[in-house]
Amino acid sequence: MKDGFTLRIRIVYILIFLFGLGILGRLFFLQILHHSDYKEMANRQYFVSPAQYFDRGSIFFESKDGEIVSAATIKEGCLLAINPTLLEDPEDAYNKISQIIDLDKDLFFKSADKKGDNYEEVAHKISKEKGEEIMNLNLKGINIYSERWRYYPGNEMASRLLGFVGYNEDKLEGRYGLEKYYDRILSRIDGEGSIVNSFAEIIMDIKKVITGDSIKGDIVLTIDPEVQSFLEDNLKSIYEKYEAEMAGGIIIDPQTGKILAMSIEPGFNPNFYGEEKSLSVFLNPITQSVFEMGSIMKPLTLAAALDQNKITPQMTYDDKGYVILNNKKIENYDGKARGVVAMQEILNQSLNTGAVYVMQKLGKEEFKNYVINYGLGEKTGIDLPDEISGLISNLNSDRDIEFATASFGQGIAVTPIEMASALATLANGGVLIKPYIVERIETDEGISKKTETREKRRVLKEETSEEISRMLSKVFDEALMGGIYKMDRYSVAAKTGTAQVNIEGVRGYEEDQYIHTFFGYAPAFGARFLTFLFLVKPQGVKYASHSLSEPFVNITKFLLNYYQVPPDR
Amino acid sequence: MKNKNYDKFFFWIVCLTVLAGFFILFSASMGLLSRDGADFSSIIFKQIFFGLLGFVIFLITSKINYKKWQKFALPFFIFSFLLTLLVFEPHIGFGHSGAKRWINLGFVNFQPSELLKIAFIVYMASWIASRKDDIKSFKFGFLPFLVITAFVGLVLIAEPDIGTLGVIAITGACMFFIGGGKYSQVALMFFLGLALLYVLVLIKPHAMSRIMVFLNPGFDPQGVGYQLKQSLIAVGSGGIFGRGFGMSIQKFHFLPEPIGDSIFAVFAEEFGFLGGLFLIGLLLFFLYRGLKIAMNSSNSFARLLGSGIIISIIVQSFINIGSIIGIIPMTGITLTFISQGGSSLAIALASVGILFNISRNG
């Protein structure tokens, strides 16, 4: 019995042992003989196109009724990749596929030549339907993968504001505009690295929690799509009509600093940003360029002197048509003398000599203090990337001429957003406010972080703001183009400016080239919106009052109607 | 032969296997960090807890004279059988992916078929030993054996837990053979088993699809063939030396059940062919020492019980590994000592404790 038992137990052992050897044989087959095949299969599945998982928060416009419109979102479709090792007949494949989509011939055949490779992307942003059509061709070595990309439904709309998402090295990120400024909040999966590396992912997640980089969400802009479109249409028409180098505009709520619209013409289409020749078209001159603003500076000069009780609207001065300072002659735009005129005329007729007179009454030091207090020469802190500050270093000299030219907007150069927020102090009772463009951030946790209005400081007394508004509404009602735009039921404050254009990098001005500026707000008292327009180097028109009055009035009428502002007179 | 020393060598093999299993599980569980709803630390602590509990039970069972099991063999078997039926009781029984295999004991989920397995082995050892030469008889040996196995089989098919049934049936057949069953009857048993498998495939679509995958590994690679495809990629991409401890990529996103039945694939990916050679060698050596203990014991109950225990452990391991590398169909059973599973680990350690007592008391 015992011997029989031993024999039988050995038989069982041998059978199981043989099975164990079978396992080892199989392992040898899988891990040694076919190791490279499986390794390749593994790599193929770990290699994912970054585009496949790309994800990013959306950017929205919001209309006054709270209606949300996508400004930047994610679109899904396909990419076409070839496996050159499996692709047998590139010529045939190319012919068939190019009947369905546009295919870069050079790229296709160059990729097809890479025998031994097994993944080459040859076309992107293919719609799902076309992707399916290609898949139905059943071509060996032709693969369709899903792809996600940033999509801007409005095309050119607010392009300089939004910026776009593009590659920086190997990484997809916001390159300009809001996409750049809010990259940390918008970015979710940038497809960094092509191998799934979950260890790194876990460590990155922990790091993000520690650095507070984990707040992700969508952003809702203060931009109202209706207002934005209206502004853009008007800018486009003057940009084309006057063959200008650039047209720009800001519509801001002067009470809160909320930007309702902002645009620069020409824009670009962020869906095809690669087709642009010049990188400068991606920048936003409203925050990234400085201009000498011309006569729209005069109300700021007058308001400062009013604020210090150095002048009153009733005061008069003797206009000789020119002033000579530091051996330099400053003239009115037409060189003519007006004689004894009231302060109102300085604004109505835009008298340079008057602005100089007022500045001198105020005193250089005090004038400089006001310029600084208005926030000229200081970044506004608006939530847009790479904002620059105005150049007011001329006021560091002691030369009277520098102060005199500054009083009517030459010699100091500021960004449009700086100018708009300084002008807002005239409209809002005298407070400098930080402009903002993101209404709220809707985080993934469902919390919405609302931007708070932030007052920087009081610049003018409330009475001063009222006084200057009264003077500016007279400009609009009586002086602007002879008062033809006067509205019976609404008070509107406005002022134009026409400035010489500084030659870049040199002290001096371009011949016969001007920048037209225009600002105005309505209603003149308790203003709801301030519109600032500018036109760089328009052709065939000399004064801003001719080029910009009409778009300003169009916009103002639209806004009064759109926001259903009750008449104030 | 009484009061021999414990087989120290065997003891260290058990320790080594459990420890290796723990580290493999530790690495494989990291794969769950990137998945939703899985709790890495709770898995690890549970396994440590049940490992320690299993070790305590091991110490107890190794102290209990194995002969006592013979007296309780039948009640133990009946108790386990009834416990297994509880999985069909809707309040405490539950399961996932179409199989009812667990019961909820409040503080822990328990797979009663694990207990049924060892109870079956104890009972079979006792029964075959009591039959003596009658085991060769068709009427008194073969037929009753089939009936007992069929009872267990019906419950496990109903769950279904074909993998555990396979382990039990193979272990039972080995014990029947070792206990003196006729060669012809064992051969008949083999063919009966094949016929049963065929019937199962016909009536259970679930089993059918697994056979399809087995016969054609490329079958439905996004569906039922997915696990095999992914485990083959894991094993194959490991190469000779593997990616290194903790470095499996498959465990993160691709491999289903990385801490369950697919754990060998994670191990093979991390430790390569050399690791596989080591583990298979260890298991075969484990089997060798276990069978040696059985061979050296003084009576047929000890021989049958000892060989039954060690055979069931190794057969289960090999069925698991075999299905992961595609040489037998997928079964869904786990790798003893290594896969996550508290009750499985504790019961395996308890069984090894019994074997250990046999080495001492002969």
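A salt bridge is taken here as a side-chain nitrogen of Lys or Arg within 4 Å of a carboxyl oxygen of Asp or Glu. The model is predicted, so local features need pLDDT of at least 70 and side-chain atom pairs count only at pLDDT 80 or more, while totals for chains, interfaces and linings use all residues. Residues are numbered from 1 along each chain as its sequence is written, chains are lettered from A in the order in which they are written, and side-chain values use heavy atoms, without hydrogens and water.

Chain A is divided into domain 1 (56-221) and domain 2 (225-268 + 286-441 + 462-562), with bounds from an automatic or database domain assignment. Between their centres, taken over C-alpha atoms, lie 43 Å. In chain A, 26 residues of domain 1 are in contact with 20 residues of domain 2, contact meaning heavy atoms within 4.5 Å. Two salt bridges are counted between these domains of chain A. A salt bridge also joins the side chains of Glu62(A) and Arg440(A), at 3.1 Å from N to O.

The contact between the chains takes 53 residues from chain B and 33 residues from chain A. Together, chain B and chain A bury about 4000 Å², 77% of it on carbon and sulfur atoms; buried area is the accessible area (1.4 Å probe) that two parts lose on being put together, summed over both. Across this interface of chain B and chain A, zero salt bridges are found.
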